[in-house]
Amino acid sequence: MKALILIDLQNDFMPGGALAVPQADEVIPVIHQVMPHFEHVVATQDWHPPHHVSFASTHGKRVGERIQIEGQEQLLWPDHCIQNTLGADLVKGLNREKIEAIFHKGADPHIDSYSAFFDNARQRQTGLAVYLQKQGVKVLFFAGVATEYCVLYSVLDALKFGFSVSVIWDACRAIDPHRGDVALQQMQKRGASLIDSSAIERSF
Ligand code: VGL
Ligand code: ZN
């Protein structure tokens, strides 16, 4: 059974949002094209409380600075995806009918979470792995943002769990396109397949 995993398709990551990913809005129509081909569709939401540890403002520092927190490096971001705000909502134009479950990440005030499966210290799971296993899903396809952060770490964890993993590369966007390309190569090296959305329509 195949599942489409939609990573962080939220207003704050869209152009004009608090942590805008260039051209992130372009993935929405691509996702709508591939969606009907999947038995399961689930989504994640970056879901931070105010004054989250990943926000530069929490520490009186500048965006892009790196700090150490309990032995973990934390890159500092603008305030984004604050729980129950418009910025944290799924993108307005996204068709939610087929989205059967939503998993939140980054809700712990003290630890960030790039992966859809674990927090960055790998201490707590989001519930996504158990959910997929319960549904009998073994094959995952990833789409969303940002390629070099949440997509990358989610894909690497999915491979560690033993899922068969593909990344729909034209349904992902990066904060930095060069780093996005490097991340895609890294995912491929670890065992993920990179596929084009048109291949899904042809082969499923
Ligand atoms: C993300 C930076 C901070 C992402 C989330 O969804 O890739 N990036 N929080
Ligand atoms: Zn975040």
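I began with Ser197, whose side chain makes a polar contact with the side chain of Asp170 at 2.6 Å. I take a polar contact as a pair of N or O atoms within 3.5 Å; within protein, one must be able to donate a hydrogen and the other to accept it, and residues adjacent in sequence count only if both atoms are side-chain atoms. Ser197 lies in helix α6 (residues 197-203). Helices (H or I, at least four residues) and strands (E, at least two) are DSSP runs, numbered from the N terminus. Ser197 counts as buried because its relative accessibility is 6%. The classes are buried under 20% relative accessible area, exposed over 50%, and partly exposed in between (1.4 Å probe, protein chains only).

I note that this is a predicted model, in which local features need pLDDT of at least 70 and side-chain atom pairs count only at pLDDT 80 or more, while totals for chains, interfaces and linings use all residues. Residues are numbered from 1 along each chain as its sequence is written, chains are lettered from A and ligands numbered from 1 in the order in which they are written, and side-chain values use heavy atoms, with hydrogens and water left out.

Asp46 in strand β2 (residues 40-46) and His80 in the loop between β4 (72-75) and β5 (99-105) are 34 residues apart, a pair that links distant parts of the chain. Both Asp46 and His80 are buried.

**Ligand 1**

I listed the residues around ligand 1, among them Asp8, Asp46, Trp77, His80, Ala146, Tyr149 and Cys150; the cut-off is a heavy atom within 4 Å. A polar side-chain atom of Asp8 lies 2.5 Å from an oxygen atom of ligand 1. Backbone N or O atoms also approach ligand oxygens, at 3.0 Å for Ala146 and 3.1 Å for Cys150. The peptide bond from Val145 to Ala146 is cis, with omega near -10 degrees. Ala146 sits in the loop between β6 and α4 (147-161).

**Aromatic pairs**

I counted nine aromatic pairs. Rings of Phe, Tyr and Trp (its six-membered ring) pair if their centres lie within 6.5 Å; planes under 30 degrees apart count as stacked, over 60 as edge-to-face and the rest as tilted. Phe38 and Phe141 form an edge-to-face pair, 5.2 Å centre to centre with 65 degrees between the planes. Phe38 lies in the loop between α1 (27-34) and β2 and Phe141 in strand β6 (residues 139-145), so the pair ties together parts 103 residues apart in sequence. Both residues, Phe38 and Phe141, are buried. Trp77, Tyr114, Tyr149 and Tyr153 form one aromatic cluster.
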